[in-house]
Amino acid sequence: MTHALVPPGRIERRIIVIRGENVLLDDDLARMYGVETRALVQAVKRNVKRFPPDFMFQLSREEFEALRAQLGSSSQGWGGRRYLPHAFTEQGVAMLSSVLRSDRAVHVNIEIVRAFVRLRRMAGSVTELRRKVDALEQKYDTQFRVIFDAIRELMAPPAPGEKHRIGFRPEPPAGPGGSAGHRAR
């Protein structure tokens, strides 16, 4: 196996969810590909037909502000972004290798697609774990129903006209020479 151009953990940390999609932003991709962000965006614009909205979309001002707040980025100043970032889905990232056409782009794309696959597998594992926990909860709810019913019965107020006694009361004497015992009610 060859050495990864971009560490897998770095790729996975940069994948974010926007509009319900796992995406990578243009500036993160540009760094991974070793190109300037504006060069990546220009290549995409020259081939815009290859990037339908389910492959790539530009963030709205509100999405960008929310993202900056979430990531703790500073406000825009001199040298900051002049346009709203583009977000690329897994399919958009795959399409980028045909647009950028460098060996590095091809190798980085392979690593990014593998990161998306790992992310999907992890999400599937979480879903499976949640299903198993739900099944265990159902199973144990049934087994403990008797206990819960007994607790509810003890908590229920007495029926009208019935006295609810707490503690011990003496049993009637057993007869001559017998001892009086106590029993719980």
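Student: Start with helix 3. Which residues are exposed on its other side?
Tutor: Lys 45 and Arg 46 are exposed there. Keep in mind that this is a predicted model.

Student: And which residues of helix 3 are buried?
Tutor: Thr 37, Leu 40, Val 41, Ala 43 and Val 44. They sit on the same side of helix 3, because they cover an arc of only 160 degrees around the axis.

Student: What do the buried residues of helix 3 pack against?
Tutor: Four elements are involved: helix 2, strand 3 (56-58), strand 4 (86-88) and helix 5.

Student: Take helix 5. At what angle do helix 3 and helix 5 pack?
Tutor: The angle between helix 3 (residues 37-46) and helix 5 (residues 90-100) is about 90 degrees, and their axes are 10 Å apart. Helix 3 is therefore roughly perpendicular to helix 5, since angles of 65 to 115 degrees fall in that class.

Student: Which residues make the contact?
Tutor: Helix 3 supplies Leu 40, Ala 43 and Val 44, while helix 5 supplies Leu 96, Val 99 and Leu 100.

Student: How many of those are polar or charged?
Tutor: None; the contact of helix 3 with helix 5 has 6 nonpolar residues, no polar and no charged ones.

Student: OK, helix 2. Where is Asp 26?
Tutor: Asp 26 is in helix 2, which covers residues 26-33.

Student: Buried or exposed?
Tutor: Asp 26 is at 0% relative accessibility, so it counts as buried.

Student: What does Asp 26 touch?
Tutor: Leaving out residues up to four places away in sequence, Asp 26 touches Thr 37, Leu 40, Val 41, Arg 81, Tyr 83, Pro 85, His 86 and Phe 88.

Student: What about Leu 25, where is that?
Tutor: Leu 25 is in strand 2. Its relative accessibility is 7%, so Leu 25 counts as buried too.

Student: Which residues does Leu 25 touch?
Tutor: With residues up to four places away in sequence again left out, Leu 25 touches Ile 16, Ile 18, Leu 59, Leu 67, His 86 and Ala 87. There is also a distance to note: Leu 25 and Thr 89 are 64 residues apart in sequence, with their C-alpha atoms 9.1 Å apart in space.

Student: Switching to rings. How many aromatic pairs are there?
Tutor: The count is 1. Phe 51 and Phe 88 form that pair, edge-to-face, at 6.0 Å centre to centre and with 85 degrees between the planes.

Student: Where in the chain are Phe 51 and Phe 88?
Tutor: Phe 51 is in the loop between helix 3 and strand 3, and Phe 88 is in strand 4. The two are 37 residues apart, and the pair links distant parts of the chain.

Student: Are those two buried or exposed?
Tutor: Phe 51 counts as buried because its relative accessibility is 4%. Phe 88 counts as buried as well, because its value is 1%.

Student: Backbone now. What is phi of Arg 19?
Tutor: Near 55 degrees, which is a positive value in a residue other than glycine. Most residues other than glycine have a negative phi. Arg 19 is in the loop between strand 1 (16-18) and strand 2 (21-25).

Student: Last thing, the whole chain. How many helices and strands?
Tutor: The chain has 7 helices and 6 strands. Buried residues are 24% of its 185 residues. Of the contacts with a separation of 6 or more, 66% are between residues 24 or more positions apart.

Technical notes. Residues numbered from 1 in each chain as written. Predicted model: local features only at pLDDT ≥ 70, side-chain atom pairs only at ≥ 80, totals over all residues. Heavy atoms only, no water. Buried < 20%, exposed > 50% of the residue type's maximum accessible area, 1.4 Å probe, protein only. Contact = heavy atoms within 4.5 Å. Axes fitted to C-alpha atoms, helices over the stretch in contact; angles between N-to-C directions. Parallel < 35°, antiparallel > 145°, perpendicular 65-115°, else oblique. Nonpolar A, V, L, I, M, F, W, Y, C, P; charged D, E, K, R; others polar. Arc of directions from axis to C-beta. Phe/Tyr/Trp six-rings, centres within 6.5 Å; stacked < 30°, edge-to-face > 60°.
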